[in-house]
Every structure is written in structure tokens, then in C-alpha cells.
Amino acid sequence: MSGPQVIVLAKAPVPGRVKTRLCPPCTPAQAALVAAAALADTLDVVAASRAGRRILAVDGAFEAPPGWEVMPQRGESLGARLAHAFADSDRPGTATVLVGMDTPQLSARDLDETFRRLAAPHGPGAVLGPAADGGWWALGLRDSRHASVLAGIATSTARTGADTWEALRRRGLRVAALRRLTDVDTADDARAVAALCPVASRFPAAVAAHVPAGSHAPAAVPAGRGSGR
């Protein structure tokens, strides 16, 4: 098996198209700035990991940093976009890990641990990082062809993570769990996640500057694996 590759599934941080559940209390422009910081921190973390190939699967126009391949997303549903991202970047014999831009508290250590598990001679065929809302924040596969199951799984539900786990098991894969993380969907999520990020990273500064203090987001709606929604 050759060196692992990482896909970051993301939306270009355009006001009105990203992080809409931050509004209110944020304006669309503020939400886009928060999203841009989350994406930038995520790209930095992947670059600091042992990933051999870095791919940004983006919805919209976005200029990635040097060292990144940019690939347009395709598919109508989020599940289809996830499945196509794996298929379009597939390299036989190469493990692939996909993450989104909603967990800027992600660390290079998280990714390297995922790579280690996938490379272990008797390790799992898949690793899944559960999200606190019932979705998932990372999916790693030894063989990207198994990602075809994602197109048939409902996203943005409290069962998205469990349904993904079960679908992978039905394909005969042994699945291992990563640590649980919180996705950034609401203003309260943003504040909680910002407290877990390195102090010098972009996301805590963006939250402090652009998420109005003392405001609370509307009641959260269960969400699955996001792409910067």
C-alpha cells in the first residue's frame, strides 16, 4: 500500500452559501469569514500530517495553497458528492481519508493515527470518526471503492454515522472508531470548538471577531457529515 491520501470536502467560503446556520447571530459575511478560517486551519493540519497526497474537493471557486490538488465536487446529494470524491481520486493500493471543513479542532495527530490504523497489516478496512450530532467527521478506507455505499445513505440525520458504520460492515469491512468530535454548525458549536483549537490558529480568532458575544444559535437540527454547509 502506498502513502495515504487525504480529501478535504469543502464549500468555497462565499457569503450566503456557507455556515448558514450561524445566521443569526452572524451576518452571512461574518459566517463566511468563520468558514474561511475553519477551512484554512483544516488545510494547514492536513499539510502538517503524513499525507502523501492532498486533495481539495471543492464546491465553488477556491484557490488552494501550494501542494494541493483541486477537484470539483459532483453529484446532487451530499452522499453522492462524498462517493464521487472517493471515486474521482482513487488510486489502487492507496488508503484514502476524507474530512470536511467543519472540525477545525482536528489535529495532525488525528490524521496520522488514522493512517497508522489503515496501514496496519491486520488493521481495519475502514475507520470512522463519529460526530457529536450523530454524523461523522472522517472516513478512512483502504479501498476507495467501498465509498459507493455513501450515495445511498441519508445525510443530515442523527443516524448518519450509525447507518454509515452498518453499511460498511455489510460490505464485509472491519470498522474502527476514531475519537468523537463536534461539527461547527451553530454559534454555540463555534464557541465550543474554538476553545479546543490551538490559540494561534485562525478559527478562534475568527469566532472571537465575527460571532457576536452573548448570542445563542437556534436549536440545533441533527446534521450528518458536512461540506461547509
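This is a predicted model: local features need pLDDT of at least 70, side-chain atom pairs count only at pLDDT 80 or more; totals for chains, interfaces and linings use all residues.
Thr-114 belongs to helix H3, which covers residues 108-119. When its neighbours within four places in sequence are left aside, Thr-114 is in contact with Val-97, Val-127 and Leu-178.

An α-helix has 3.6 residues a turn, so residues three or four places apart point the same way. The side chains of Glu-113 and Arg-117 meet in a salt bridge, with a distance of 3.0 Å from N to O.

Are these two partners buried or partly exposed? Glu-113 has a relative accessible area of 27% and is therefore partly exposed, and Arg-117, with a relative accessible area of 23%, is partly exposed as well.

Side chains of opposite charge can pair when their charged atoms come close. A search of the whole structure finds 16 salt bridges, and one of them joins Arg-202 to Asp-44, with the closest N and O atoms 2.5 Å apart. This pair links distant parts of the chain, since Arg-202 lies in helix H6 (residues 202-210) and Asp-44 in helix H1 (residues 28-48), 158 residues apart. Arg-202 counts as partly exposed because its relative accessibility is 40%, and Asp-44, at 40% relative accessibility, counts as partly exposed too.

Another salt bridge is formed by Asp-59 and Arg-81, where the closest N and O atoms are 3.6 Å apart. This pair also links distant parts of the chain, with Asp-59 in strand S2 (residues 53-59) and Arg-81 in helix H2, 22 residues apart. Both Asp-59 and Arg-81 are buried. Salt bridges that share partners join Arg-17, Asp-59 and Arg-81 into one network.

## Helix H2 and its covered residues

Helix H2, which contributes Arg-81 to the pair with Asp-59, is mostly covered, as 9 of its 12 residues are buried. The buried residues of H2 are Leu-78, Gly-79, Ala-80, Arg-81, Leu-82, Ala-83, Ala-85, Phe-86 and Ser-89.

How does the length of H2 compare with what its 12 residues should span, and what do its end C-alpha atoms show? At 1.5 Å a residue, the 12 residues of H2 should span 16 Å, and the end C-alpha atoms are 17 Å apart, which agrees with that expectation.

## The cavity

Rolling a probe the size of a water molecule over the atoms shows where empty space is left. A search of the whole structure finds 1 cavity of 30 Å³ or more, and the largest cavity holds about 30 Å³ of space.

Which residues line the largest cavity? Its lining is made up of Gly-79, Leu-82, Trp-136, Leu-150, Ile-153, Thr-155, Thr-160 and Thr-164. The elements that give two or more residues to this lining are helix H2 (78-89) and helix H4 (160-170). By class, the lining of the largest cavity has 4 nonpolar residues, 4 polar residues and no charged residues. Gly-79 and Leu-82, which are among the lining residues, are also among the buried residues of H2.

Definitions and conventions:
Residues are numbered from 1 along each chain as its sequence is written. Side-chain values use heavy atoms; hydrogens and water are left out. On a 1 Å grid over the protein atoms alone, a cavity is a set of points where a 1.4 Å probe fits but cannot get out, and a pocket is an open set with protein on both sides within 12 Å along at least five of seven lines; lining residues have an atom within 4 Å of a point. Grid points are joined across faces, edges and corners, and a volume is the space filled by probe spheres set on the points. Helices (H or I, at least four residues) and strands (E, at least two) are DSSP runs, numbered from the N terminus. Ala, Val, Leu, Ile, Met, Phe, Trp, Tyr, Cys and Pro count as nonpolar, Asp, Glu, Lys and Arg as charged, and the others, Gly among them, as polar. Contact means heavy atoms within 4.5 Å. A salt bridge is a side-chain nitrogen of Lys or Arg within 4 Å of a carboxyl oxygen of Asp or Glu. Buried means under 20% relative accessible area, exposed over 50%, partly exposed in between (1.4 Å probe, protein chains only). The expected span of a helix is 1.5 Å times one less than its number of residues.
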